[in-house]
Amino acid sequence: MGFYLNPSSEKFSMALNSEIYVDKTMLIAYTNKVTATEQRYICVSRPRRFGKSMAANMLAAYYSRESDCGTLFCDCQIFQDKDFDRYRNKYDVIMLNIQEFLSRSCQTDSMLERMKALVIREMKRAYPSVDYFDESDLIQCMQDVYETSGIPFMVIIDEWDCILREYKQDFQSQKRYLDFLRDLLKDKGYIHLVYMTGILPVKKYGTHSALNMFDEFSMTNPGPLAEFTGFTPEETRNLCTRYDMDYEETRRWYDGYHFENGLDIYSPKSVISAMLNRRFDNYWNQTETFEALKLYIEMNFDGLKDAVIAILAGDRKKIDIHNFANDMTSLHSCEDVLTLLVHLGYLGYNFGTKEIFLPNSEVADEYLSAIKAAGWDEIIRSVQASEQLLKATWNMDEQAVAEGIQNAHLETSHLQYHDENALSYTIYLAYYSARQYYMAVREMPAGNGFADLVFLPRQNHAGKPAIVVELKWNHSAEGAIAQIKQKNYGEALRPYYGDVLLAGIQYDKKSRRHTCRMERISK
């Protein structure tokens, strides 16, 4: 048993022994299914602190032939799987954490030499009787060991992409590293599984991937591994019940990564910290300074600033992710930057609609910190004024609401402001503080039509009135109220949310002024 060849199961045992452990062992059922097949190359990319290392440690504990993990998994879901014993502890596992090696080396070449030397040393200790042809060649040593033992290898690589993230401009070093991985892993019959984790998908050169044998499961296309990316709603709800924490508030703070088939994923680090501390706060963001986000949103690409503001205001934007080169420097357009932010966890991505969106309140707060540091003072002023605007709405102060919207429009006047859609961005951003009390829905089906903007009270703020906003471009605010009544928006919502405030907001293009009319539907 070594550190890199057949490591012990201690790290996974620590996860199991933690106060909060969420069972993700059915990932093993998938890796068992693809073992020794053409699909044996797996690359899983997730944001930081989304459970990548825990999964890698789990696989190493399960497959390593020098670790008897039968009792270790006895309380886990995989223990009941029909193939549990078929693959358990049957392989020579090589486990490499690239970040660990990189932190001990000054350059890529020395890192690779150190890595190879350490693995070969453990291989010679485990198999001293093997006739090694070249004791400095890792690939040859693996071939020699397999020829003697007949035991296949499993290779698990954690933080595979840290070189691409930390040596962003050193393209020659990146290429040498990727060539090393390709030579080590590709078309080797004695390797029955490769499982790599990182933040970025596999690096591309031109239109071809440097490691094109991998099936990739990323934040833009998680496929069958989606449920292992973070915590599912059921897992999160169970934790909320166990720790007596409000599920809806947990959802507001940490949900928002929506995948195929309606699956939502919660940020695991944040959920665990909130449960243990009994307090909702920014936990995921504490693992990295907002300067990282600021670096990207400040890039000088046409439309990027407008896109960030629109997303912060609740918009969804369709993007093409396929031109992204899967690194942190080959950024040539607004869409490249936004795609990178998806992989970093700063944006959600809907695979079906190809749209990006703001995931949750925790990430939204990170954007506010970043844009404040970036000097986007007009946006910060609009957000800071939003609490007063919300209070004016609750008080049905039509003049104060109109003035609040007017000021928000002036602050965000660089945005295209030529129709009701653009007007809705301004209003949504102007009501930013409402997010702690409400779930905001644009174009919500209600009554006999669609309400432009609806604020539905969250479960822990059920005493607040629902708010229905109808927007009018060059039409009267009174007309907006009339439309709300005609289409019966308020009545459609009242059975579920109690009192409803109706707000008609008009923008006159000629005078560049807003007006507001409000009514209340009482129980």
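## Aromatic pairs

The structure holds 22 aromatic pairs. Rings of Phe, Tyr and Trp (its six-membered ring) pair if their centres lie within 6.5 Å; planes under 30 degrees apart count as stacked, over 60 as edge-to-face and the rest as tilted. This is a predicted model, in which local features need pLDDT of at least 70 and side-chain atom pairs count only at pLDDT 80 or more, while totals for chains, interfaces and linings use all residues. Residues are numbered from 1 along each chain as its sequence is written, and side-chain values use heavy atoms, with hydrogens and water left out.

The ring centres of Tyr4 and Phe101 are 5.2 Å apart and the planes stand at 40°, so this pair is tilted. Tyr4 lies in the segment before helix 1 (10-17) and Phe101 in helix 5 (residues 98-103), so the pair ties together parts that are 97 residues apart in sequence. Helices (H or I, at least four residues) and strands (E, at least two) are DSSP runs, numbered from the N terminus. Tyr4 and Phe101 are both buried, where buried means under 20% relative accessible area, exposed over 50% and partly exposed in between (1.4 Å probe, protein chains only).

## Tyr247 and other aromatic contacts

Tyr247 and Tyr266 form a tilted aromatic pair, with 6.2 Å centre to centre and 40° between the planes. Tyr247 belongs to helix 11 (residues 247-254) and Tyr266 to the loop between strand 9 (264-265) and helix 12 (268-277), so the pair ties together parts that are 19 residues apart in sequence. Both Tyr247 and Tyr266 are buried.

The charged end of Arg237 sits over the ring of Tyr247, 3.9 Å from its centre. A charge counts as sitting over a ring if NZ of Lys or CZ of Arg is within 6 Å of the ring centre and within 35 degrees of the ring normal. The charged end of Lys464 sits over the ring of Tyr437 at 5.4 Å from the ring centre. One aromatic cluster is formed by Phe12, Tyr21, Tyr62, Tyr63, Phe73, Phe79, Phe84 and Tyr91.

## Pockets

The largest pocket has about 1,200 Å³ of space. On a 1 Å grid over the protein atoms alone, a cavity is a set of points where a 1.4 Å probe fits but cannot get out, and a pocket is an open set with protein on both sides within 12 Å along at least five of seven lines; lining residues have an atom within 4 Å of a point. Grid points are joined across faces, edges and corners, and a volume is the space filled by probe spheres set on the points. Of the 40 residues that line the largest pocket, Tyr428, Tyr438, Met439, Ala440 and Arg458 lie nearest its centre. Helix 11, helix 14, helix 16, strand 13 (438-446), strand 14 (449-457) and helix 22 (489-497) each supply at least two residues of this lining. The lining of the largest pocket divides into 19 nonpolar, nine polar and 12 charged residues; Ala, Val, Leu, Ile, Met, Phe, Trp, Tyr, Cys and Pro count as nonpolar, Asp, Glu, Lys and Arg as charged, and the others, Gly among them, as polar.

The second largest pocket has a volume of about 700 Å³. It is lined by 31 residues, with Arg49, Phe50, Gly51, Met54 and Ile272 closest to its centre. Helix 1, helix 3 (52-63) and helix 12 each supply at least two residues of the lining of the second largest pocket. That lining holds 15 nonpolar, seven polar and nine charged residues.

## Cavity

There is one cavity of 30 Å³ or more, and the largest cavity has about 30 Å³ of space. Its lining consists of Val44, Ser45, Arg46, Phe217, Ser218, Met219, Pro222, Leu225 and Thr229.

## Helix 15

In helix 15 (residues 334-344), 10 of the 11 residues are buried. These buried residues pack against helix 13 (291-297), helix 14 (304-312), strand 10 (317-318), strand 11 (348-350), strand 12 (355-357) and helix 16 (361-373), contact meaning heavy atoms within 4.5 Å. Just after helix 15, Gly345 takes a positive phi of about 90°.

## Loop residues

Glu159 is found in the loop between strand 3 (153-158) and helix 8 (162-166). Glu159 is buried, with a relative accessible area of 17%.

Ala36 has a positive phi of about 60° although it is not a glycine. Ala36 lies in the loop between helix 2 (27-34) and strand 1 (41-45), and is partly exposed at a relative accessible area of 48%.
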